[in-house]
Amino acid sequence: HHLLVLNGPNLNLLGLREPHLYGHTTLPELEAGLMTLAKTLGVNLSTFQSNHEGALVDRIQEARTDGTDFIILNAGAYTHTSVAIRDALAGVKIAFVEVHLSNVYKREEFRHHSYLSDLAVGVVAGLGPAGYEAAVRFAAQYELI
Ligand code: DQA
């Protein structure tokens, strides 16, 4: 298995940005924790974060040929706006789980719609960093399902 953890806009500010919503763990801490987990599960894991929609589309396209077989994606606000990221995911046909740190359903109405969810294997929201960990554990045994 080769997993790719993709984070979208403003998630580079994790731990600093709205900690009441997103917690105190920074993105480097989150990624390091996932790396350790992946090692114990015996899977490869790469990480990528960008604030730019096109850079996220490029990275998803690269995943088609770099051995990635599962994507764990928090597209941030692009979740609610981006047909381009949706099309990239549909185009590469790589299974993915959509993750949100916060419970988007108890927040503003505009966060209730996702352009990605109906393409995803599953969606995790509201569990904070533990949601990424659950997604990594799920992805590591995905082909057994
Ligand atoms: C988020 C939820 C989005 O609505 C928001 O725009 C984010 C983070 C989350 O992880 O809870 O940037 O994806």
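A residue counts as near a molecule or strand here if its C-beta atom, placed from the backbone, lies within 6 Å of it. This is a predicted model, where local features need pLDDT of at least 70 and side-chain atom pairs count only at pLDDT 80 or more, while totals for chains, interfaces and linings use all residues. Numbering starts from 1 along each chain as its sequence is written.

View 1. Around the ligand sit Asn-10, Asn-74, Gly-76, Ala-77, Thr-79, His-100, Leu-101, Ser-102, Val-104 and Arg-111. Sorted by class, that shell holds three nonpolar, six polar and one charged residues. (Ala, Val, Leu, Ile, Met, Phe, Trp, Tyr, Cys and Pro go down as nonpolar, Asp, Glu, Lys and Arg as charged, and the others, Gly among them, as polar.)

View 2. Asn-10 belongs to the loop between β1 (2-7) and α1 (19-22); helices (H or I, at least four residues) and strands (E, at least two) are DSSP runs, numbered from the N terminus. Most residues other than glycine have a negative phi. Asn-10 isn't a glycine, yet its phi is positive, about 75°. It has 14 C-beta neighbours inside 10 Å, so Asn-10 counts as partly exposed. (Buried means 20 or more other C-beta atoms within 10 Å of a residue's own, exposed means 12 or fewer, and partly exposed is in between, with C-beta atoms placed from the backbone.)

View 3. Two packed helices are described by the angle between their axes and the distance between the axes. On the α3 side, the contact (C-beta atoms, placed from the backbone, within 7 Å) uses Glu-53, Leu-56, Val-57, Ile-60, Gln-61 and Ala-63. From α4 come Ala-84, Ile-85, Ala-88, Leu-89 and Val-92. The residues of this contact split into nine nonpolar, one polar and one charged.

View 4. Look for Lys-93 between α4 and β4 (96-100). Lys-93 also has a positive phi, about 55°, without being a glycine. With 8 other C-beta atoms within 10 Å, Lys-93 is exposed.

Notes: Two residues are in contact if their C-beta atoms, placed from the backbone, lie within 7 Å.
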